[in-house]
Amino acid sequence: MSEGDALSDLYQELVLEHKRSPRNFGTMESPTHEARGTNPQCGDDVKVQLRIDGDRIEDIRFTGSGCAICIASTSMMTQAVKKGDVASAMALQERFRDVMTGKLETADADLGKLASFSGVRRYPSRIKCVLLGWHALGHAINDATGDDNGGTSA
Ligand code: FES
């Protein structure tokens, strides 16, 4: 089996598994930061909520609706950044986005399991799907605390 096949198998397994039981799914009481990501092409919409204490992401949750790629990617994003520091989360967000948009090679991005999404680059219409939750994460961290209901296009 080539590396490509292996990645694609891992990708399918991960996407299906996270779509079936998304991690950190649900609403958080009293988040310190939150933002939404919306995909105007399909109307899908996810909200990411964070509790940040100092420079640490103590907790993260998400809600909303999206396709399997969107939900799986957001679910894995929450796992990757929870209990980590804010700067690392933002750096990961940037690397993930750069890989998906073709600015960075997967091999140089140190994405761990998230690298399995890199095949999505071949399907331009799905890049919005895979980045939706990540855009929300970036906006939640960068924008003013609390009630950012403006959403953001992926
Ligand atoms: Fe809507 Fe993927 S089809 S986010």
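Biologist: Which residues is Val-48 in contact with, leaving aside its neighbours within four places in sequence?
Modeller: The model is a predicted one. Val-48 lies in strand 2 (44-53), and it is one of the residues with the most contacts inside the largest nonpolar core. Beyond its sequence neighbours, Val-48 contacts Glu-34, Ala-35, Ile-60, Phe-62, Gly-133, Ala-136, Leu-137 and Ala-140.

Biologist: Which helix gives the most to this core?
Modeller: The largest nonpolar core has 31 residues. With 8 residues, the top contributor is helix 4.

Biologist: At what angle do helix 2 and helix 4 pack?
Modeller: Two packed helices are described by the angle between their axes and the distance between the axes. Helix 2 passes helix 4 in a right-handed crossing, and residues including Ile-69 and Val-81 of helix 2 and Val-130 and Leu-137 of helix 4 make the contact. By class, that contact has 9 nonpolar, 3 polar and 1 charged residues. The axes are 8 Å apart, and the angle is about 35°.

Biologist: Is Pro-22 buried, partly exposed or exposed, and why?
Modeller: Pro-22 sits in the loop between helix 1 (3-20) and strand 1 (33-39). Not counting residues up to four places away in sequence, it touches Ile-71 and Ser-75. A buried residue needs 20 or more C-beta neighbours within 10 Å, and an exposed one has 12 or fewer. Because Pro-22 has 18 such neighbours inside 10 Å, it counts as partly exposed.

Terms used
Residues are numbered from 1 along each chain as its sequence is written. This is a predicted model: local features need pLDDT of at least 70, side-chain atom pairs count only at pLDDT 80 or more; totals for chains, interfaces and linings use all residues. Helices (H or I, at least four residues) and strands (E, at least two) are DSSP runs, numbered from the N terminus. Two residues are in contact if their C-beta atoms, placed from the backbone, lie within 7 Å. A nonpolar core is a set of buried Ala, Val, Leu, Ile, Met, Phe, Trp, Tyr and Cys residues joined through C-beta atoms within 7 Å. Axes are lines fitted to C-alpha atoms, for helices over the stretch in contact, and angles run from 0 to 180 degrees between N-to-C directions. A crossing is left-handed if the near helix is turned anticlockwise from the far one by less than a right angle, and right-handed if clockwise. Ala, Val, Leu, Ile, Met, Phe, Trp, Tyr, Cys and Pro count as nonpolar, Asp, Glu, Lys and Arg as charged, and the others, Gly among them, as polar.
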